[in-house]
Amino acid sequence: MNRLKFFAAIVGVVISAPVQAQSASDSADFAVVGNVPAICVGGSVSEAGGIFDLGILVDTTTGFLRSDLSAPSQVLAGSFCSSRSSIAVAATPVVAQTFTASAPTGFSRSVDFTATAAGWTTTPASFSTASASNPAAIQQRTTAFSGPITVNIGDFATTGGTGLRLVADTSYRGTVTVTLTPES
């Protein structure tokens, strides 16, 4: 009987003692990884289909290059680079396409100009087709960026000098190229 009382006393102590909960859960950590490459997208041309249309290049009374040549700006919308980057502008003179022979004395078959790309860096990238060296043609940006780039052309001059007239040709063409390059 004493044993039964002793057992009952132990059970009573165990039952009256606070029950400590045991943890039945466990956890594991999983790494989530990925990367973003250094990319640049030049965007899309939003003005005049990407054509700088200068119209008639010469003053029809003198045959010399018009002093009032101009063209509306072209805008590259949606441009971005995911890292530091550089912007470069390059251009080729406006050259007669049908008249391919050497121009006769007193004439030229091309027009030089300066192209600029602004909005990407504090200083616009600038390229002159008449210059042998164009150190300002490439500009660096130290951070990722998104924004429009405005491209302009101007400072037109007859290749070879202002005293030359342009040969007749129904198609004078040149190019402007803007390049964004990631620099990671």
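Author: Contact here means heavy atoms within 4.5 Å. Neighbours within four places in sequence aside, S83 is in contact with A38, T143, A144, P182, E183 and S184.

A word on the source. This is a predicted model: local features need pLDDT of at least 70, side-chain atom pairs count only at pLDDT 80 or more, and totals for chains, interfaces and linings use all residues. Residues are numbered from 1 along each chain as its sequence is written, and side-chain values use heavy atoms, with hydrogens and water left out.

S83 sits in the loop between β4 and β5. Helices (H or I, at least four residues) and strands (E, at least two) are DSSP runs, numbered from the N terminus. S83 has a relative accessible area of 12%, so S83 is buried. The classes are buried under 20% relative accessible area, exposed over 50%, and partly exposed in between, with a 1.4 Å probe and protein chains only.

β4 covers residues 80-81. β4 belongs to an open sheet of 3 strands in the order β1-β4-β10, with antiparallel pairing. β1 and β10 (145-146) are the edge strands, each pairing on one side only. Two strands pair if DSSP finds at least two bridges between them. Between β4 and β10 there are 2 bridges, and these strands run antiparallel. F80 stands opposite S146 in β10. In general, strands of a sheet pair through backbone hydrogen bonds, either parallel or antiparallel.

The structure also holds 1 disulfide, a pair of cysteine sulfur atoms within 2.5 Å. The partners are C40 and C81, with sulfur atoms 1.8 Å apart. C40 lies in strand β1 (residues 40-41) and C81 in β4, so the pair ties together parts that are 41 residues apart in sequence. The torsion about the S-S bond is about 120°, so the disulfide is right-handed. C81 has a relative accessibility of 3%, so C81 counts as buried.

Now step to β3 (74-77). Strand β2 (residues 44-45) joins β3 through 2 bridges, and the two run antiparallel. S44 has A77 as its bridge partner in β3. β3 also pairs with β11, again in the antiparallel sense, over 3 bridges.

Follow β11, which spans residues 149-158 and includes T158. At 7% relative accessibility, T158 counts as buried. Not counting residues up to four places away in sequence, T158 touches L65, S108, S110, L164 and L166. At 64% relative accessibility, D155 counts as exposed. D155 also has a positive phi of about 55°, although D155 is not a glycine.

A pocket comes next. On a 1 Å grid over the protein atoms alone, a pocket is an open set of points where a 1.4 Å probe fits, with protein on both sides within 12 Å along at least five of seven lines; lining residues have an atom within 4 Å of a point. Grid points are joined across faces, edges and corners, and a volume is the space filled by probe spheres set on the points. The largest pocket holds about 790 Å³ of space. Its lining has 30 residues, and I51, F52, D53, Y172 and G174 are the closest to its centre. β3, β11 and β13 (172-182) each supply at least two lining residues. β13 gives the most, with 7 residues. By class, the lining has 19 nonpolar, 8 polar and 3 charged residues. Ala, Val, Leu, Ile, Met, Phe, Trp, Tyr, Cys and Pro count as nonpolar, Asp, Glu, Lys and Arg as charged, and the others, Gly among them, as polar.

One more loop. A103 is found between β5 (85-96) and β6 (107-108). At 26% relative accessibility, A103 counts as partly exposed. Beyond four places in sequence, A103 is in contact with S108, R109 and V167. The C-alpha atoms of A103 and L166 are separated by 8.5 Å, though the two residues are 63 residues apart along the chain.

Last, the whole chain. The secondary structure comes to 1 helix and 13 strands. Of the 184 residues, 28% count as buried. Among contacts with a separation of 6 or more, 77% join residues 24 or more positions apart.
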